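Hi,

Here is the structure I said I would pass on.

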Amino acid sequence: MEGTSLQRPLVVAGVSKRFAAQRVLDRVDVAIAGGEFVTLLGPSGCGKTTLLRIIAGLEIADEGSVRLGETELLDLPANSRPVNTVFQNFALFPHLNVGDNIAFGLRIRKFPEKQVAERVTRAMEMLRLDGLSERRTTQLSGGQKQRVALARAIVNEPAVLLLDEPMSALDAKLRAEVQLELRHLQKRLGCTFLLVTHDQEEAMTVSDRIFVMNRGTIEQEGPPQEVYEHPRTRFVAEFLGAANIIPATRTEKGVRTPLGLFDTTRVPAWSQGNLAIRPERLRLVDAPGANRIQATVDESIYRGDHCDITIHAPDSTRLRLKQRDLLAPGQQIHIELPREHLEVLDA
Amino acid sequence: MPDRLVSHGQLVTRRRLLWRGAATSSPGVLWLLVFLAIPCLLLLALAFASRGSYGQIIWSPTWRNFRKLAGYGVFGWSADYLWILARTVWLALLTTILCILLAYPIAFFVARRSPRWRNFWLVLLMIPFCTNLVIRTYGWQLVFSILSPNLYPGAIAVIIGMVSSNLSFAVLPLYTSVERIDWSIVDAAEDLYASRWSVFRHGILPQTRPGLVVAVIVTFIPALGTFVVPDLLGGSKTMLIGNLIQQQFGASRDFPFGAALSFTLMLATLIALGIYQRRAGEAGLV
């Protein structure tokens, strides 16, 4: 495969879209390096699928630009863009068998039949579909259908592969398997993958970078670890995993909250706002001290690999704590909110 | 095989089951027998009878009517009747093709409205059926005489009349298929470099096949038998087999020849349907 042409960056700039009175995308900017695996993560209705469809050419943007290298994609119709899509429900052609489905994009473009056969065979091997060429698509399992949909897209060697919630139709166990496979496939092909999902675990498993979307805008972007560990907004903190949100005001001595005075790594830009801390970052300690509070255990739930514990501070602020061992309800404990894990939220 | 079966926990003999089946299906069977099978047989018998000098029926078996249809008349051979038959088939085909070509966009238009407006448009499509075909066709006469008198009477007027009288029949079955289209397959075709025609061919056509097949059948068959429209819009220039049959049972009082014509038309329709189904099946259309 021609390595260089697959490595073109994809730059979405100022893309907006309205449906009737509803603003679905509001001047969205997304810059993706060639060969990157990027995820648009957000709840349903946040505009992520619309953005994907605009890149694919299946939806028309009201304004903005989508550039692939030097090419402006918005000037091209869907059938001339060097991008391919894996659809949510796979959208396999019901009248064609597996082999013909995969060969579709090549045959439409009149590739010589010998080349079609070679590329289809290679794609089928890559996705472990050997021997299924003659099968009708209705005779396939969910996982097989998904691999056919993937093969049908990658056989065209697109510069960007768009994946619209491709795992939502699979059961949980299969999903975990496919996520890993997808990541390996992307590394092997070296082309850009842009995945849309509402599943934060999926996003973190597969992506080099995550764009968290909410209400038609990008809330935050970054590598999974950065987005998870350092959420900048309340939405991101709560959408990616669980978070304790603590209202706070800025003072000269530190950040004042109903729980007490705290020291944070970042100085808040606001005078009044929120702090966030992940339940697994709360630390059980022996004695009071800086960034430490006293609390009472309310409830303790055993989850196998960890325990979910609800505690309340003297001012009755409730916090969630995640740790290895159970705590007895009613027990008095000391908790540290470590400075490096106490995140200052922008909004 | 055992002769006794257990049904609903009761021991039931095969004969009892047969009786039960016969009893429940007998109303339908009786209906078909009285109103379809017997008339058809009568028609077949009549086709082999002949007309007496006063228009009465002479019940002695003869091939005379079919020979007449094939062109062997009293004054030697002529292709008149065969021409009528060929013209009928050609006009019915043309009507069907035009109806389908028009029905697709209409079905798409209706299916893409909001549910409330969809019903409005469907009712609008059905309204012409509240009016008798004869009156509607006279309506066309009026329209033609005002807008373009040189078209009426003539073949183009007949085609327009036939298309308009059959269009709704073509739209409704297509609409039910179009409404159920999985649009992501259409998107997939577009995403995979398909041109507009290929998107239709691979994204839409396979999904609307059932509706298309029904639409073709319900347009083609009535179009084969039509006689009001060519009568009123075609003048005497466009005689179709429907008119010919009507003439035999009316003015000519040649019931046997009319019966032979009807029977031939029925047979031709069945053969055409058979071929269509096989061809459509080969092309993956059914």
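**Salt bridges**

R281(A) and E229(A) form a salt bridge, with their closest N and O atoms 3.1 Å apart. (A salt bridge here is a side-chain nitrogen of Lys or Arg within 4 Å of a carboxyl oxygen of Asp or Glu.) R281(A) sits in the loop between β14 (272-277) and β15 (283-285) of chain A, while E229(A) is in helix α8 (residues 224-229) of chain A, so the pair ties together parts that are 52 residues apart in sequence. Helices (H or I, at least four residues) and strands (E, at least two) are DSSP runs, numbered from the N terminus. R281(A) counts as partly exposed at 28% relative accessibility; buried means under 20% relative accessible area, exposed over 50%, and partly exposed in between (1.4 Å probe, protein chains only).

Before you go further, some housekeeping: this is a predicted model, where local features need pLDDT of at least 70 and side-chain atom pairs count only at pLDDT 80 or more, while totals for chains, interfaces and linings use all residues. Residues are numbered from 1 along each chain as its sequence is written, chains are lettered from A and ligands numbered from 1 in the order in which they are written, and side-chain values use heavy atoms, with hydrogens and water left out.

Back to the charges. Over all chains there are 27 salt bridges. One of them runs between R53(A) and D187(B), where the closest N and O atoms are 2.9 Å apart. R53(A) belongs to helix α2 (residues 48-56) of chain A and D187(B) to helix α7 (residues 183-191) of chain B, so this pair joins two chains. R53(A) is partly exposed at 21% relative accessibility, whereas D187(B) is buried at 13%.

D346(A) and R232(A) also meet in a salt bridge (3.4 Å, N to O). D346(A) is in the segment after β20 (343-344) of chain A and R232(A) in the loop between α8 and α9 (234-239) of chain A, so the pair ties together parts 114 residues apart in sequence. Both ends are partly exposed: D346(A) has a relative accessible area of 42%, and R232(A) has 33%. There is a network of salt bridges too, linking R23(A), D26(A) and R27(A).

**Cysteines**

C130(B) is exposed at 70% relative accessibility, while C46(A) is buried at 1%.

**Pockets**

A pocket, found on a 1 Å grid over the protein atoms alone, is an open set of points where a 1.4 Å probe fits, with protein on both sides within 12 Å along at least five of seven lines; lining residues have an atom within 4 Å of a point.

The largest pocket has a volume of about 390 Å³. Of its 16 lining residues, the closest to the centre are W183(B), V186(B), E190(B), R196(B) and V199(B). The second largest pocket has a volume of about 320 Å³. Its lining has 14 residues, and T96(B), I97(B), I100(B), V216(B) and Y276(B) are the closest to its centre. α3(B) gives the most to that lining, with six residues.

Cheers

Note on methods
Points joined across faces, edges and corners; volume = space filled by probe spheres on them.
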